[in-house]
Amino acid sequence: MVQCPDRIIASMDTGVDDALALAYLLGSADECELGGVIAGYGNVDANTAYANTCAVLDLFGRADIPVFLGSEHPSWADAFIPDAGCAQFHGDDGLGNTRLAGSGALADGAGVPGDDMSVDVPDEVVSVGGYLAGDVHAHPVLGACSRVNRSRSVGHPQSTMPTALASGGKRRCSVDAADGIEYLIEQVREFGRDVTVLATGPLTDVDAAITRAPDIASKLRLVMMGGTLTQPGNCWDAVAETNIIQDPEAANRVFHSGADITMVGLDVTHQCLLPQSAADRWRATGTKRGRFLADLADFSIKANLEADPALFSGGMPLHDPLAAAVALDSSLVDCFDLALRAETNTGDFNGVRGRTTGDPVGLVNHSMPHVHVALGVDSERFLDEFAERMAEVCR
């Protein structure tokens with residue numbers, strides 16, 4: 001009997017490392033079936049994430065994989081503005097300024113904190129990369145304030161996305177689900193833990209699905225990239241990790257939902273650095289795919305080296321690709337199980353908003369849900385497999 005490959009549903013805020021993770025999954029067709037991608041806010045706005053996802057899938061000849069529009073803003077806010085820090089590491093188009101999906105969502109000059117925090121969204125709560133507009137850490141991408149993503153009913157993905165139909169009109173949008181959240185619910189109800197939800201962006205989509213359909217929590221297998229337990233964060237205040245700070249409330253609810261969760265955070269992703277030699281190898285294939293992947297890596301290697309020469313002298317951290325690999329092979333990481341929480345407030349007896357830490361109630365209530373937190377990783381095996389598989393998918 002031939003064993004069917006694992007089924008993956010991805011929730012992505014498609015930036016540089018999300019795109020690398022997506023290409024890795026496409027190159028792992030013998031091991032997994034990518035059933036669909038839900039594209040939402042995070043590294044970029046949701047519309048840009050949708051366009052980027054479609055463009056990457058089309059480049060690799062997989063226009064058949066459905067793409068859905070996910071959450072456009074965190075659960076605690078009414079609107080979202082991309083953050084300058086994300087643009088620094090992903091480019092103003094989210095794909096290392098490769099312009100694969102067109103001209104990009106924002107004007108040139110993105111990635112520089114702007115002084116104008118005025119947002120014409122009366123009486124609405126606005127998130128700037130996870131921080132409340134006006135907060136000292138809220139640094140919008142230049143030009144983003146005029147492009148605020150407001151809450152609206154999500155139907156089928158918008159047809160005006162640049163190059164979303166670049167495959168000559170062959171891209172098919174599913175008509176079986178009203179939106180990405182409903183699609184996630186349907187997949188978990190149908191396949192249970194035979195489908196893995198891979199979340200490489202904020203956990204807003206997963207939280208929304210569990211909130212809408214609480215019955216799926218016990219059936220949900222989730223591998224998420226985000227959080228950090230033993231290391232500093234990578235946000236402006238160096239406490240929180242980027243995906244968690246976007247929506248700590250959503251993350252905290254997911255952690256306590258009872259789902260089977262593996263957290264692949266900075267504790268392990270910062271041990272998996274892609275060297276320049278891998279990017280050079282991809283470029284040497286001479287294909288459009290190879291040049292694109294090499295351009296992504298080159299951009300990220302440079303950005304990370306400039307940000308922290310000591311930590312990233314060996315290359316770019318493979319955040320999302322490691323999570324994708326763990327979704328296929330959990331033996332890559334060693335996990336510590338504990339009741340986990342995301343801090344939702346900053347201040348005395350609260351902690352720091354966005355930090356992931358053990359939930360002290362779990363010390364006395366052993367029935368609390370536990371999360372598998374990756375603290376060890378076979379980085380050499382992963383890096384070798386990743387570089388080889390990506391070289392193959394370039395051809």
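Guide: Two strands pair if DSSP finds at least two bridges between them. Keep that in mind for this predicted model.

Visitor: What makes β1 and β8 a pair?

Guide: Five bridges join β1 to β8, residues 195–199. The cut-off is at least two, so the strands pair. They run parallel. Arginine 7 stands opposite valine 195 of β8.

Visitor: How do you know that β1 pairs with β2?

Guide: Seven bridges join β1 to β2, residues 32–39, and the cut-off is at least two, so these strands pair as well. They too run parallel. Alanine 10 stands opposite valine 37 in β2. Between the two strands, the chain passes through helix α1, residues 16–26. This β-α-β crossover is right-handed.

Visitor: Why is β1 called largely enclosed?

Guide: Strand β1 covers residues 6–12. Six of its seven residues are buried, so the rest of the structure largely encloses the strand.

Visitor: How do you know that the length of α12 agrees with its number of residues?

Guide: Helix α12 has 16 residues, 379–394. At 1.5 Å a residue, the helix should span 22 Å. Its end C-alpha atoms are 22 Å apart, so the two values agree.

Visitor: What covers the buried residues of α12?

Guide: The cover includes α1, β11, α9, α10 and α11. Among the buried residues are Phe382, Met390 and Val393.

Visitor: Which residues touch the most other members of the largest nonpolar core?

Guide: They are Leu20, Leu34, Trp282 and Leu293, in a core of 71 residues. In soluble globular proteins, nonpolar side chains tend to be buried together.

Visitor: Why is the contact between arginine 212 and aspartate 179 called a salt bridge?

Guide: The N to O distance is 3.6 Å, and the cut-off is within 4 Å, so the pair counts. Arginine 212 lies in α5, and aspartate 179 in the loop between β7 and α4, 33 residues apart.

Visitor: Is aspartate 179 buried or exposed, and why?

Guide: Its relative accessible area is 10%. Buried means under 20%, so aspartate 179 is buried. Arginine 212 has 45%, between 20% and 50%, so arginine 212 is partly exposed.

Visitor: What makes arginine 381 and aspartate 378 a salt bridge?

Guide: Their side chains meet at 3.2 Å, N to O, which is within 4 Å. The whole structure has 19 salt bridges.

Notes. Residues are numbered from 1 along each chain as its sequence is written. This is a predicted model: local features need pLDDT of at least 70, side-chain atom pairs count only at pLDDT 80 or more; totals for chains, interfaces and linings use all residues. Side-chain values use heavy atoms; hydrogens and water are left out. A nonpolar core is a set of buried Ala, Val, Leu, Ile, Met, Phe, Trp, Tyr and Cys residues joined through side-chain atoms within 4.5 Å. Buried means under 20% relative accessible area, exposed over 50%, partly exposed in between (1.4 Å probe, protein chains only). Helices (H or I, at least four residues) and strands (E, at least two) are DSSP runs, numbered from the N terminus. A crossover is right-handed if, with the strands pointing away from the viewer, the path from the first strand over the helix to the second runs clockwise. The expected span of a helix is 1.5 Å times one less than its number of residues. Contact means heavy atoms within 4.5 Å.
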